[in-house]
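User: Hey, I just opened this one and could use a hand. Can you walk me through it?

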Amino acid sequence: MASSQAETLELLIEIGRLLSSKLDVGELLETVLVLAARVVGAESASVLLLDEQTQELYFHVALGLGERTSGLRLKLGQGVAGHVAKMREPSIINDVHADPRWSSAVDSSTGFHTRSILAAPMILKGKIIGVVEAINKREGTFTAEDLKTFEAFASQASIAIENARLFSSLKEEKFRLDTIFAQMQDGAVLTDQAGAILMANPAAKKYMGVGTEPKTLDEATSGMTVAPSWSEIMTSQADAFDFTASREQPKKLFLAGKATRIHLNLERKAGEEPLAGWLCVFRDQTEEWRKERLKRTFLSLISHKLKTPLSSVMGYAEILKEEFKAGQRSDIERKALQAITTQGHKLADLVDKLLRYTILANPEDSMEAGPCRLDAVVDEALKSMKAWLASRKATVLWEPGGSHEVTGDAVQLKEVVKSLVENAVKFDPKIEKKVALWLEGGANEVYLRVKDLGPGIPPEEQDKIFSRFHQIEDSFTGQVEGWGLGLPYVKKIVEGHGGRVELKSKLQEGTTVTVILPRRRDGGTP
């Protein structure tokens, strides 16, 4: 008896080693069938897996029955296997014809003759995954000892099947990720914390020359100007960085993208340090860069060319006004001169805005940063707009809410306030217009909010209004004053101050634009 138990234990150990070596699900299940019959001396065996969606058992494979079991399904509680799965207990039936649980449906469909069955549930972490059966004992009948051995085998099979499924799932997921990674039009490079390249997709290799030779991002971009530098990015505590990489020769190339910090060992052991890396995704924006440069050149040129003749027009208009005071002129002459002066001032204001915007290619280049009280900035901006607001019957409800000092350029921030108020007033069709303006302070940021009661901005237009020359009209009719540069101008200045602009709008309820500025450029408090 002891010899038999030792042989059984040795067989189970051998089975455990064999099952653990199989990672292909199909191959593993075929092996389970052969071993299930062998371990208890049966003629045949079958493996039924649980379909979690339908809660039905289906025959995955059956030894000696070929494909004839394909499509056969058992509900939980139906047949011997269904009963074993439902009760989660093994069962011995040495005379199936005398057991009411047995169904002859499988024998009828396959032509197989079943005499006895030994069935055990496959359970892992309290979850039923299927049933394994040994069919027809070769010699004698199934015994209680067979039952214990078969239960141990079913437990080993459960672990092996789950491991194989996980491995198959990981392979499929890796294949999908590899496919996506390879098919991406954007370049993508995965590095460790120090910038050593771990993976790179074909687009990255095309643009940056990443392949077998370059080992680091510095080597891959050795002929480029990277801003900020890779060393700045890799040693920073920030989680994400926008970066550019440009090259002048032999042909202009301008890449722009984002570097994001990621964790490479999410399921690390207790006490193990997190292993960080960087995912750099970028695209070729050379053509966009060229277009942007041409636009800036054209806008700067046209604004300067308009400035000179406009100065002459306005200068002579003022001279004529003085002359009119000295002599008598007809009503038509007075109206004509008034129209020239009024429209000239409007045009001069538009040209000034266009010129300021084109000069502001990089706000930091022209920024004179220093301690700046936002309440004082708003006061000055509203004071300078007093006549303009009165002419449009507009009222600004201004609630300072504290001084809220930031580090910034007071002149540029004053233009931000003016642009936001002008924008709120211009697009309000009501005769009497009201705009609310207030400040709020956070731990590290200050919020400047401007709310109007206008018609609101449609959802599909909200992302577009920060684009140059975009106005919410059916067409650019000129019915609304301006170039469509107000909000783009605001966005450019605010981002130059290390801040951001947010917008919330509902149709027929108005729009709120929020400017968020850091109290200090390094994120601290003054």
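User: Which residues touch the most other members in the largest nonpolar core?
Analyst: Keep in mind that this is a predicted model. The largest nonpolar core has 37 residues, and Leu389, Val417, Leu420, Val421, Leu437 and Val515 touch the most other members. Helix α14, residues 410–426, gives the largest share of this core, with 7 residues.

User: What does Leu420 touch, leaving out residues up to four places away in sequence?
Analyst: Leu420 touches Val450, Leu487, Val490, Val513 and Val515.

User: And what's in the second, separate core?
Analyst: That one has 28 residues, including Leu28, Ala42, Val132 and Ala160. As background, nonpolar side chains tend to be buried together in soluble globular proteins.

User: Switching to helices. Which residues of α12 are buried?
Analyst: Helix α12 covers residues 374–384, and its buried residues are Leu374, Asp375, Val377, Val378, Ala381 and Leu382. Those residues lie on the same side of α12, because they cover an arc of only 160° around the axis. In general, an α-helix has 3.6 residues a turn, so residues three or four places apart point the same way.

User: Which strands does α12 lie across?
Analyst: α12 lies across β14, β16, β17 (445–452) and β19 (510–518). The helix runs at about 165° to β14.

User: What about α14, which strands does that helix touch?
Analyst: α14 packs on the sheet and touches β14, β16, β17 and β19. Its direction makes about 145° with that of β16.

User: OK, the sheet itself. What's the strand order?
Analyst: It's an open sheet of 5 strands in the order β14-β16-β17-β19-β18, and the pairing is mixed. The edge strands are β14 (394–399) and β18 (500–506), each pairing on one side only. On average, neighbouring strands are turned by 15° against each other, ignoring direction.

User: Do β14 and β16 run parallel or antiparallel, and how many bridges join them?
Analyst: They run parallel, with 6 bridges joining β14 to β16, which spans residues 433–441.

User: Now charges. How many salt bridges are there?
Analyst: The structure holds 16. In one of them, the side chains of Arg449 and Glu440 meet at 3.1 Å, N to O.

User: Is Arg449 buried or exposed?
Analyst: Arg449 counts as buried, because its relative accessibility is 19% and the cut-off for buried is under 20%. Glu440, at 31% relative accessibility, counts as partly exposed.

User: What does Glu445 meet in a salt bridge?
Analyst: Glu445 meets Arg500, side chain to side chain, at 3.0 Å from N to O. The pair links distant parts of the chain, with Glu445 in strand β17 and Arg500 in strand β18, 55 residues apart. Glu445 is partly exposed at 23% relative accessibility, and Arg500 is partly exposed too, at 38%.

User: Which other residue forms a salt bridge with Arg500?
Analyst: Glu502 does, and the closest N and O atoms are 3.5 Å apart. Glu502 counts as partly exposed, with 39% relative accessibility. Elsewhere, a network of salt bridges links Asp51, Glu56 and Arg73.

User: One more topic, the sheet with 6 strands. What's the order there?
Analyst: The order is β8-β7-β12-β11-β10-β9, in an open sheet with antiparallel pairing. At the edges stand β8 (197–200) and β9 (225–227); each has a single partner strand, so one side of each is left without a neighbour in the sheet. The twist averages 20° from one strand to the next.

User: How many bridges join β9 to β10?
Analyst: There are 3 bridges between β9 and β10, residues 240–247, and the two run antiparallel. Val226 stands opposite Ala245 in β10.

User: And what pairs with β12?
Analyst: Strand β7 (residues 187–192) pairs with β12 (residues 276–284) in the antiparallel sense over 6 bridges. Thr191 stands opposite Trp278 in β12. Strand β11, residues 253–263, is joined to β12 by 9 bridges, also antiparallel. There, Ile262 has Gly277 in β12 as its bridge partner.

Technical notes: Residues numbered from 1 in each chain as written. Predicted model: local features only at pLDDT ≥ 70, side-chain atom pairs only at ≥ 80, totals over all residues. Heavy atoms only, no water. Core = buried A, V, L, I, M, F, W, Y, C linked by side-chain atoms within 4.5 Å. Buried < 20%, exposed > 50% of the residue type's maximum accessible area, 1.4 Å probe, protein only. Helix = DSSP H or I, 4+ residues; strand = E, 2+ residues; numbered from the N terminus. Contact = heavy atoms within 4.5 Å. Arc of directions from axis to C-beta. Pairing = 2+ DSSP bridges. Axes fitted to C-alpha atoms, helices over the stretch in contact; angles between N-to-C directions. Salt bridge = Lys/Arg side-chain N within 4 Å of Asp/Glu carboxyl O.
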